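Open the model in your viewer and keep the selection panel at hand. The tour goes from one selection to the next and says what is there.

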Amino acid sequence: MSVEETEVVVVGGGQAGIAMSEHLGAHGIPHVVLERRRVAERWRSERWDSLVANGPVWHDRFPGLEFTDRDPEDFASKEEVADYLAAYAEKVGAPIRCGVEVTSVRKHVGRRGFRVRTSDGDFDARYVVAATGPFQKPVIPPIIPAESGLLQIHSSAYRNPAQLPEGGVLVVGSGSSGVQIAEELRAAGRGVHLSVGPHDRPPRRYRGHDFVWWLGVLGKWEASAPPQGAEHVTIAVSGAHGGRTVDFRNLAERGITLVGRTESYSSGILRFAPDLRENVDRGDENYLALLDEADAYVDRNGLDLPEEPQARVLGEYPESVTDPVLELDLAAAGITTVLWATGFTADYGWLQVDAFDEDGRPRHQRGVSSEPGVYFMGLPWQSRRGSSFIWGAWHDARYIADQISIQCRYMEHNDSHQRPFRPTPEVITP
Ligand SMILES: Cc1cc2nc3c(=O)[nH]c(=O)nc-3n(C[C@H](O)[C@H](O)[C@H](O)COP(=O)(O)OP(=O)(O)OC[C@H]3O[C@@H](n4cnc5c(N)ncnc54)[C@H](O)[C@@H]3O)c2cc1C
């Protein structure tokens with residue numbers, strides 16, 4: 001079978017692959033983007049039906065295209081986000097080939113570049129960019145055995161309440177997915193327990209601005225690493241219902257029973273860590289700290305923004321926090337489903353190069369891997385907090401395209417100096 005040659009193969013046609021293509025194109029670097037399914041597939045088929053973007057449309061987008069027919073403060077639906085990304089790919093003329101799965105990438109032995117094997121033939125490429133997403137493989141902690149009789153489902157497979165069997169649901173995870181799904185299930189009349197771990201919960205809006213604006217002006221999207229000790233802290237935000245602050249007291253008021261971190265299971269009994277109050281308190285601290293920083297920013301810069309003292313009123317702890325459930329008989333509580341909103345891990349089994357640490361994590365600096373010629377895109381915290389978000393991927397892609405362009409020039413220089421070997425002339429002493 002013939003082998004197609006190109007300078008760069010980009011693997012993955014999500015926002016990271018599209019942004020990568022735009023910047024490679026701007027450098028005039030020949031490339032192809034290989035996507036195993038459709039452009040922005042994960043937004044179409046790996047998110048629940050009612051999901052809207054977590055950030056308003058003025059913010060969660062690429063710099064070069066606005067969402068049309070939308071108020072800037074609106075939150076786009078997942079289909080609108082996917083359509084937007086597809087339109088963007090078309091606008092920048094991204095050479096995306098859909099329905100092509102990359103099955104392996106290996107370094108050529110003794111010569112430059114990589115052999116990229118796909119479901120549709122082989123490629124030889126000088127450079128490879130892995131843009132297969134920050135959230136690839138659903139993680140379900142091995143707590144409840146499969147034979148428990150419960151339906152166990154990951155948030156990436158959840159679509160809507162009607163999909164789940166009759167009965168109550170335990171949602172595990174208090175990040176954006178967990179809280180939004182718990183709220184939706186409760187609104188559909190389900191009995192819901194929500195297992196709450198450590199989380200940040202910024203105010204949706206404060207003093208007239210969305211939290212994405214505050215994180216921007218306060219430089220927090222640009223943070224290069226999570227604060228120490230907060231590496232596994234998830235962020236609870238929601239654009240649902242026009243965007244509301246995630247407030248665990250309010251979720252409890254609406255009939256959701258809060259519990260601590262899910263720890264262990266035996267004979268139908270689930271046990272929770274006694275950390276619910278601590279997790280809620282830390283979330284409150286994070287919330288109030290952002291209000292403080294926002295106020296200080298307003299004062300220092302003399303901004304004319306309306307004061308909002310009521311944002312600091314948190315209200316009473318709900319009973320589920322003051323008298324927490326530490327053990328739950330799932331059958332007695334009527335729970336038939338455990339929904340794990342517990343995040344994702346990476347799966348780079350196809351990328352067989354020296355770019356991973358002993359735990360299989362990408363070894364890289366700002367996406368430039370330890371294997372010369374291999375780059376990552378869209379990793380969480382790739383260069384900054386914003387890296388896995390739509391606009392963040394765009395900025396990282398610009399950097400990676402620059403790096404590839406620099407390497408191309410080094411190689412051009414090398415190629416232009418490939419002359420036949422000439423011995424050093426003899427030194428003639430006078
Ligand atoms: C529930 C949820 C809500 C989110 N909401 C927002 C939000 O509101 N705003 C925001 O900015 N970000 C949001 N994000 C974060 C982020 O924007 C998305 O995860 C986004 O999908 C990441 O884009 P990506 O291009 O890096 O990866 P992906 O969208 O995962 O794209 C990777 C692509 O690679 C393809 N692929 C994988 N393996 C192969 C292979 N071997 N060969 C060929 N193709 C392959 C996949 O099919 C996929 O299309 C959200 C994430 C989640 C999970």
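**Around the ligand**

Start at Asn-54, in this predicted model: one of its backbone N or O atoms lies 2.5 Å from an oxygen atom of the ligand. Next select Gln-15, where a polar side-chain atom is 2.8 Å from a ligand oxygen atom. Then go to Val-102, which has a polar backbone atom 2.9 Å from a nitrogen atom of the ligand. On its own the ligand has 980 Å² of accessible area, and the protein covers 95% of that.

Now widen the selection to the 31 residues around the ligand. Those that come nearest are Gln-15, Glu-35, Arg-42, Asn-54 and Asp-60.

**The two domains**

Colour residues 3-136 and 346-417 as domain 1, and 139-340 as domain 2. Their C-alpha centres are 30 Å apart. To see where they meet, select the 23 residues of domain 1 that are in contact with 32 residues of domain 2.

About 2,000 Å² is buried between domain 1 and domain 2, with carbon and sulfur atoms giving 56% of it. Which residues of domain 1 lose the most area to domain 2? Select Trp-48, Trp-381 and Arg-385: together they account for 35% of what the domain 1 side buries.

**Polar links across the interface**

Between domain 1 and domain 2 there are 2 salt bridges. Show the side chains of Glu-222 and Arg-384, which form a salt bridge with an N to O distance of 3.3 Å. Polar contacts across the interface of the two domains number 12 residue pairs. On the side of domain 1 that touches domain 2, the residues are 10 nonpolar, 7 polar and 6 charged.

Technical notes
Residues are numbered from 1 along each chain as its sequence is written. This is a predicted model: local features need pLDDT of at least 70, side-chain atom pairs count only at pLDDT 80 or more; totals for chains, interfaces and linings use all residues. Side-chain values use heavy atoms; hydrogens and water are left out. Domain bounds come from an automatic or database domain assignment. Contact means heavy atoms within 4.5 Å. Buried area is the accessible area (1.4 Å probe) that two parts lose on being put together, summed over both. A salt bridge is a side-chain nitrogen of Lys or Arg within 4 Å of a carboxyl oxygen of Asp or Glu. A polar contact is a pair of N or O atoms within 3.5 Å; within protein, one must be able to donate a hydrogen and the other to accept it, and residues adjacent in sequence count only if both atoms are side-chain atoms. Ala, Val, Leu, Ile, Met, Phe, Trp, Tyr, Cys and Pro count as nonpolar, Asp, Glu, Lys and Arg as charged, and the others, Gly among them, as polar. A residue is near a molecule or strand if one of its heavy atoms lies within 4 Å of it. Accessible areas come from the Shrake-Rupley method with a 1.4 Å probe; for residues, only the protein chains shown count as cover.
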